[in-house]
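Try each task yourself before you read its solution.

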Amino acid sequence: QVQLVESGGGLVQAGGSLRLSCAASGSIGAINAMGWYIQSPEGGRDMVARVLSAGDTAYADSVEGRFAISIDIGKNTVYLQMNDLKPEDTNIYYCLADLYLTGKSGSHDFWGQGTQVTVSS
């Protein structure tokens, strides 16, 4: 129905940069919001950054000023520019898409498979 394809993770030294991408495809009527999340110690997922289709953004305190999220509505793609990376940023980053589907009411959440980001000291 909907597929999310993530890319851009990898290994980088502290202070370096990475750019994550997540492209959504399928029976998409409209995008409500997209974002990036990491696994929390308690087993859930914590928000790193989130962007609404209108462009409003929100960030975790730990990444404010270092990460920038953006969305290309025409390509159904969200990006996360990660600068000044720190070893504590190491995690699996999951893309979340909150979408309206063609022919269905309400919005629905879809998760990507995750992309590993490793920051060495």
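**Exercise 1.** Find the residue in β8 that stands opposite aspartate 72.

*Solution.* Now zoom out to the two strands: β7 and β8 (residues 77-82) pair in the antiparallel sense, over six bridges. Strands are DSSP runs of E with at least two residues, numbered from the N terminus, and two strands pair if DSSP finds at least two bridges between them.

Before you go on, a word on the numbers: this is a predicted model, where local features need pLDDT of at least 70, side-chain atom pairs count only at pLDDT 80 or more, and totals for chains, interfaces and linings use all residues. Residues are numbered from 1 along each chain as its sequence is written, and side-chain values use heavy atoms, with hydrogens and water left out.

**Exercise 2.** Describe how β1 is joined to β3, and sort the residues of β1 by face.

*Solution.* Start with the joining: β1 and β3 (residues 18-26) run antiparallel and share six bridges. Across this pair, glutamine 3 sits opposite serine 25 of β3. Then sort the faces of β1 (residues 2-7): Val2, Leu4 and Glu6 make up the covered one, while Gln3, Val5 and Ser7 are on the uncovered one.

**Exercise 3.** List the salt bridges and say whether their residues are buried or partly exposed.

*Solution.* First, the rule: a salt bridge is a side-chain nitrogen of Lys or Arg within 4 Å of a carboxyl oxygen of Asp or Glu. The structure has two of them. In one, aspartate 89 meets arginine 66, with the closest N and O atoms 2.8 Å apart. Aspartate 89 is in the loop between β8 and β9 (91-101) and arginine 66 in the loop between β6 (57-59) and β7, so this pair ties together parts 23 residues apart in sequence.

Next, check accessibility (buried is under 20% relative accessible area, exposed over 50%, partly exposed in between, with a 1.4 Å probe and protein chains only). Aspartate 89 is buried at 6%, and arginine 66 is buried at 11%.

Finally, take aspartate 84 and lysine 86, whose closest N and O atoms are 3.7 Å apart. Aspartate 84 comes out partly exposed at 39%, and lysine 86 is partly exposed at 28%.

Notes. Helix = DSSP H or I, 4+ residues; strand = E, 2+ residues; numbered from the N terminus.
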